[in-house]
Amino acid sequence: LEEISFYFLFDGNFPELSVLEFKYLLQGIDPGISINKLFVSNEILIFNLNDDYLKLLKNFQKFSRLTSLTREMGLIYSIFNYQIEQDFDEILNYILNTIKIKYSSFKILSGLSFKVEMEKKGIVSEKIFNSNNRQILIFSVADSLIDKFQLKADLVNPIISIKILLTPQKIILGQKILKPNRKTIMNRTPSNRSYFHPGSMNPILIRSMVNLGVKNSYLPLGAHDKKPIFLDPFMGGGGMLIEAISMGYSAIGIELGYWMARGARMNLLDLSYSGFESISWSILRNDSSVIPLKSNSVDVIVTDPPYGHSTILGGKNLEDLLNDVLKECYRVLKNKSRMVISIPSTTKTNLTSFKVLEEVHDRVHNSLSRIIYILEK
Ligand SMILES: C[S@@+](CC[C@H](N)C(=O)[O-])C[C@H]1O[C@@H](n2cnc3c(N)ncnc32)[C@H](O)[C@@H]1O
């Protein structure tokens, strides 16, 4: 099998988390996938795979339906390194010559309709790539592809989109293959819900946390006789459950606050009536220090616990509460299953017998920073 190169473009707001989501979600979808030469800079991830192209595409399609932090996925034809001292014509000739000579890495079928798009990533020299030169680059690449593959330009509805990514030291030439529909996730923003409370997390962040827990043994997409079981022991307004349900999990939320639990119920009913009628969910009004579920019964836990102060804690301090809840989460999770949890970096918690797979630091605002842990039983 030949080696194929890909680029993934990330959400610039969560650089570290984007890479983790990529890694965990892709391996969750296909544990057999082995990535060669992974490289990240300027919100672009580049990697190589030796695999059957069609099988990869199927996996990427699943990935694209789940991801929240990948904005675009594409195939790489060629990467051109350049130096700041080089002049534009020299760089242009180098690119055009490569297109003329190189056949194998261009997986283009002759005769298709196409367009060329360009995106700047990072700080790119204005001297070399001023707007005039950028236009020249786009048109020259387009012309040489027309010559070589008899492509037809179509700016409105092209079959393939050729992509030029301009970065400070490299120019990446490739083809867009998938564009995840992140708008659907963004539209589930807390302020659009029937019940809204200010402590709710951004759905893009929630979705990425849920994705960190995805495993092949219970892939949430697709037809199952029994849907995999998702648990959030600190449900709040139901943000986590909303993402989990829309991915196809059967979801359980636990919440101690009476009004909060009722609010979450309203939000989940809205979701049910908007196309998720077939998915089951339950809300338990309970203190999560004691979880009323059987041991080894839950496939994945993702949660955003209270940060103290304003949120009710059932009379305990945050450390004790988290220690008790983590113990219970460990008990109810199936073996080898995962828990993803965000904890304020100043809070000392005992992660019980969990194995820590990963920890990412995420700064919420000046006075609050948290750590997102991926734990495994
Ligand atoms: C940070 S919020 C979760 C927000 C949620 N991720 C969202 O986006 O809507 C934490 C929630 O835990 C609840 N809570 C606090 N102590 C609890 C306990 N002992 N058992 C269950 N829930 C508790 C609080 O009422 C609060 O709604």
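Biologist: Ground rule before we start: two strands pair if DSSP finds at least two bridges between them. With that in hand, how many bridges join strand β5 to strand β7?

Modeller: Seven, and β5 (residues 113-120) and β7 (residues 160-166) run parallel. Keep in mind that this is a predicted model.

Biologist: What is the bridge partner of Lys 115 in β7?

Modeller: Ser 161.

Biologist: Which helix lies across β5, β7 and β8?

Modeller: Helix α4, residues 131-149. The helix runs at about 150° to β5. Strand β8 covers 170-178.

Biologist: Zoom out. What is the strand order in the open sheet of eight strands?

Modeller: β2-β3-β1-β4-β8-β7-β5-β6. The pairing is mixed. At the edges are β2 and β6 (152-153), and each pairs on one side only.

Biologist: And the sheet of seven strands, what order does that have?

Modeller: β11-β10-β9-β12-β13-β15-β14. This sheet is open too, with mixed pairing.

Biologist: Why is one side of β11 and of β14 left without a neighbour?

Modeller: Both stand at the edges of the sheet, so each has a single partner strand. β11 covers 281-285 and β14 covers 355-365.

Biologist: By how much are neighbouring strands turned against each other there?

Modeller: By 15° on average, direction ignored.

Biologist: Take β14 and β15. Parallel or antiparallel?

Modeller: Antiparallel, with nine bridges joining β14 to β15 (residues 368-376). The two form a hairpin with two residues between them.

Biologist: In which sense do β9 and β12 pair?

Modeller: In the parallel sense, over two bridges. β9 is residues 229-232 and β12 is residues 298-303. Phe 230 stands opposite Val 300 in β12.

Biologist: What helices lie across strands of that sheet? Start with α7.

Modeller: Helix α7 (residues 239-247) lies across β9, β10 (250-255), β11 and β12. Its angle to β9 is about 170°. Then helix α8 (residues 258-272) lies across β10 and β11, running at about 175° to β11.

Biologist: New topic, charges. How many salt bridges turn up in the whole structure?

Modeller: A search finds 25. One of them joins Glu 243 and Arg 188, with the closest N and O atoms 2.9 Å apart.

Biologist: Where do Glu 243 and Arg 188 sit?

Modeller: In distant parts of the chain, 55 residues apart. Glu 243 is in helix α7. Arg 188 is in the loop between α5 (182-186) and α6 (203-212).

Biologist: How does the lining divide into nonpolar, polar and charged?

Modeller: Seven nonpolar, four polar and five charged.

Key
Residues numbered from 1 in each chain as written. Predicted model: local features only at pLDDT ≥ 70, side-chain atom pairs only at ≥ 80, totals over all residues. Heavy atoms only, no water. Helix = DSSP H or I, 4+ residues; strand = E, 2+ residues; numbered from the N terminus. Axes fitted to C-alpha atoms, helices over the stretch in contact; angles between N-to-C directions. Contact = heavy atoms within 4.5 Å. Nonpolar A, V, L, I, M, F, W, Y, C, P; charged D, E, K, R; others polar. Salt bridge = Lys/Arg side-chain N within 4 Å of Asp/Glu carboxyl O.
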